[in-house]
Amino acid sequence: MAKNHIAELEKRLWNVADELRANSDLKSSEYSPPVLGLIFLRYADYRFSKQQRIFSDLSAEASAKAGKSSTRRKIGKTDYQAAGVMYLPDEARFSQLLNLPEGADIGRAINEAMKAIERENEDLKGVLPKTYNRFKNSLLVELIKLMSSISEDIEGDAFGKIYEYFLGKFAMNEGSQGGEFFTPTSVVKLIVSVIQPFHGKIFDPACGSGGMFVQSAEFVEEHKKRAIDEISIYGQEKTRETVNLCKMNLAVHGLSGDVLQGNSYYEDLHDMVGNFDFVMANPPFNVNRIDKERIKNDRRRFPFSMPSVDNGNYLWIQLFYSALNEKGRAGFVMANSASDARASELELRKKLIEDRAVDVMIAVGSNFFYTVTLPCTLWFLDKGKKETDRKDKVLFIDARKIYTQTDRAHREFLPEQIEFITNIVRLYRGENIEITHGSEKLTKETFPKDKYQDIAGLCKVATLKEIEEQGWSLNPGRYVGVVNEEGDGFDFKERLEELNEELEVLNSESKELESTIADNIQKILNR
């Protein structure tokens, strides 16, 4: 299906879905699962129908070879499951819903379809939405008809793109809560491209709706392997609703995984320490009021000790580090403030750097996320780095000027921009560059000899000695410098944006300080 046709379909589906919200008493968080559930159901029906035709063709071919007297056993549930396809009973077929008689209770019929799928597919038990009776028949009929207009020859990944589009739209609508279940796809693709999860066990202890897993699978498929054969998926998420979104998202992309509900600060449901080849995450930033008394003696998961400040950033960083095996790689999103944090956090960062685990740091500009405007930093750890010539080095990339404006308030990375940034990392690691997404011109112009070199304003390989001289800072801006331009080189608009970003960071840190002071005063008053 052509890209512009998918985009048109996405908008039409969204308009009808938005009518569901406008014509019901449901909050955004309540109406999003039913809409995503219908996309899931349509995709499950697509895959089932496709496999049904394959079985039919195979059966006809076998019968023709064996002669008319041959009898063939009936194809059943286990055959579909063996083919990696979800089994759908008759009442869960999309055609059944589409052909319901006028006046039928559509909401009840969809609820029953979801229950039937769960009965036949144990992994989805309790996962699928069953609140369709809360919507008007007319709107459900319109949405089902629109879903059915998705042609039968659609490629499976088109359903995934539609699903991701809806997750992003719901994240925008839900404000700060939306960021807990959705990380913009282009940021996830960059993380995946840098850590290269070709094969092994992947863990996300703040997995949201599973975007890290989906993009890892796409990365494997791009490199001509079957994701289902190459990677194993493990996730943890604190809310049941988001766990359900993740399991549905995996199913829409033809994946499955061990995704469990639990608070990753306190619960280790996957026996995580040293257990994973890859860790990817976008954890909540600057979380306070974590009960450190409950975890202060857990030196396996928090090997560098507890930070004294009321902030969870360095708890997350230690979780990611400790989950890796001896050659494991991690990539995660982190607040800019963590790169330069002082006091106990500085000591924790120093230990991490001296362990030779920090490999790459990438600064990302503002407005990439739907729910916050602040810039962020992508951290990349590599426990296997200490066995290479990079053991005493860290690559810093300032990608704040690399972006594409999608609308007035949002930015993203295009595939060629992701590939260009990733090629910088590949050259630093001594690997061959990849040119499949249009980055050849920019990559060749910047690195004409296909060899890494420091580029002012873009990238710099710093030694541990240089990092120590910078107070153990991991802020890329401290290392890459600025571009020398003709004239005064002063861009007022650009500098104003930078000042606004710095002001937002200062405001955020000020609020944290105010909160800490208020807590300390309250503790004194309570004595």
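Arg-289 counts as exposed, because its relative accessibility is 61% (buried means under 20% relative accessible area, exposed over 50% and partly exposed in between, with a 1.4 Å probe and protein chains only). The model is predicted, so that local features need pLDDT of at least 70 and side-chain atom pairs count only at pLDDT 80 or more, while totals for chains, interfaces and linings use all residues. Residues are numbered from 1 along each chain as its sequence is written, and side-chain values use heavy atoms, with hydrogens and water left out.

**Positive phi values**

- Arg-289, which is not a glycine, has a positive phi of about 65 degrees, and it lies in the loop between strand E4 (276-281) and H12 (helices, H or I with at least four residues, and strands, E with at least two, are DSSP runs numbered from the N terminus).
- Asp-450, also a residue other than glycine, has a positive phi near 55 degrees; Asp-450 is found in the loop between helix H16 (440-446) and strand E11 (459-463).
- Asp-450 counts as partly exposed, because its relative accessibility is 33%.

**Packing of H12 and H14**

- Helix H12 (residues 313-323) packs with helix H14 (residues 343-354) at an angle of about 20 degrees, their axes being 11 Å apart (axes are lines fitted to C-alpha atoms, for helices over the stretch in contact, and angles run from 0 to 180 degrees between N-to-C directions).
- Tyr-314, Ile-317, Gln-318 and Tyr-321 in H12 meet Glu-345, Leu-348, Arg-349 and Leu-352 in H14, where contact means heavy atoms within 4.5 Å.
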